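Trainee: Could we go through a structure together? I would like to learn how to read one.

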Amino acid sequence: MIIEPGKITERITLLGTPEICLYHVNGGGESVLIGGGMAHLAPLILPQVRAFGIDAKKIREVVLLHTHFDHCGLVPYLKKLWPWMEVAVSAQGKSRLSDPRVTQSIAAFNQMAIARARLEGEAAELGFEFTGIEVQKTLKEGDQVVCGEVTLDILQVPGHSSCSIAAYMPAEKALFASDAAGVVYKDFVFAAGNSNYDLYQESLRKMAAYPVKAVLLEHYGAAVGEEAKALLPKAIKVAENTRASIEKTYRLTRDVHKTSEEIARYVLAGSPDYFLNKEVLSMVIDQMVKFIVTSQERREGIRRSL
């Protein structure tokens with residue numbers, strides 16, 4: 001995995017940090033950002049833009065692949081810097097960003113990260129607290145984002161989030177998958193199907209059908225070459241194994257909470273220094289377990305009635 005900020009290909013540059021990534025796609029006369037990061041990245045962005053020779057005046061839009069707090073928190077600050085830049089997201093994502101409950105949660109999590117980084121003073125001075133996002137453009141399956149000399153094909157890939165989309169760049173065989181491809185941390189893959197596990201697995205299979213030379217994730221960087229080709233098949237297998245583990249554990253315990261705790265212990269053992277805290281990770285796992293258990297009980301109920 002390439003995890004440090006810098007060039008991924010001639011046209012694609014990783015910005016942010018290894019934990020929170022966003023990407024600049026250079027189409028020549030125009031460019032686009034993929035991913036919206038978190039608010040506490042604000043002090044890094046302008047120095048990185050200058051260091052990598054990015055012409056901010058050419059950035060015409062930022063595409064948010066989903067609207068979880070760690071993928072859109074930087075956007076209000078970027079809009080202050082570059083007001084000509086449009087925000088593009090799925091229709092479901094636009095709906096979420098118009099819900100005060102969602103935006104309050106996004107703001108709270110980003111403020112916690114600002115506090116952990118001890119950046120409260122800079123946040124107040126530069127104004128990079130999360131203040132909400134106005135969406136200018138919605139994207140759906142089959143749409144294209146034309147960026148100068150390159151085109152990004154939009155795929156709907158729900159499951160991690162109801163609003164998840166991906167972008168495929170045929171010219172580079174590059175797939176911008178965000179968390180819809182799971183979260184890859186070193187050699188560990190976390191199956192992050194916390195919105196709808198069935199759809200998550202379908203989306204993995206859908207993305208695996210595309211030829212790739214690069215898979216761009218928004219946590220812990222980008223896979224290139226043979227690693228990129230192997231990533232989606234590996235994520236599919238991990239998703240299958242995770243589902244089987246949840247079903248097996250629940251059959252033994254018949255307790256959702258105990259099942260979630262057991263899966264959380266396994267994930268934390270594989271990624272002890274993962275950037276999300278234990279509480280947030282446990283919440284994500286709990287959502288997955290509840291979905292899979294409900295599906296399992298429905299299937300078992302059908303069998304019992306036959």
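Mentor: We shall begin with the overall fold and then turn to the salt bridges. This is a predicted model, so local features need pLDDT of at least 70 and side-chain atom pairs count only at pLDDT 80 or more, while totals for chains, interfaces and linings use all residues. Residues are numbered from 1 along each chain as its sequence is written, and side-chain values use heavy atoms, with hydrogens and water left out.

Trainee: How many helices and strands are in the chain?

Mentor: The chain has nine helices and 15 strands. Both are DSSP runs numbered from the N terminus: helices are H or I with at least four residues, strands E with at least two.

Trainee: And what is the radius of gyration of the chain?

Mentor: The radius is 19 Å, close to the 19 Å that the globule rule gives for 306 residues, so the chain is as compact as a globular protein of that length. The radius is taken over C-alpha atoms, and the rule is 2.2 Å times the number of residues to the power 0.38.

Trainee: What share of the residues is buried?

Mentor: Buried residues account for 54% of the 306. Buried means under 20% relative accessible area, exposed over 50%, and partly exposed in between, with a 1.4 Å probe and protein chains only.

Trainee: Now the salt bridges: how many does a search of the whole structure find?

Mentor: The search finds 12. A salt bridge is a side-chain nitrogen of Lys or Arg within 4 Å of a carboxyl oxygen of Asp or Glu.

Trainee: Which residue forms a salt bridge with Glu149?

Mentor: The partner is Arg11, with the closest N and O atoms 2.9 Å apart. This pair links distant parts of the chain, 138 residues apart: Glu149 is in the loop between strands E8 (144–147) and E9 (150–156), and Arg11 is in the loop between strands E1 (6–7) and E2 (12–16).

Trainee: Is Glu149 buried or exposed?

Mentor: Glu149 is exposed, at 62% relative accessible area, whereas Arg11 is partly exposed, at 24%.

Trainee: What about Arg243 and Glu247: how far apart are their closest N and O atoms?

Mentor: Those atoms are 3.6 Å apart in a salt bridge. The two residues are four apart in helix H7 (residues 226–253), so about one helical turn separates them. Arg243 is buried, with a relative accessible area of 11%, and Glu247 is buried too, at 13%.
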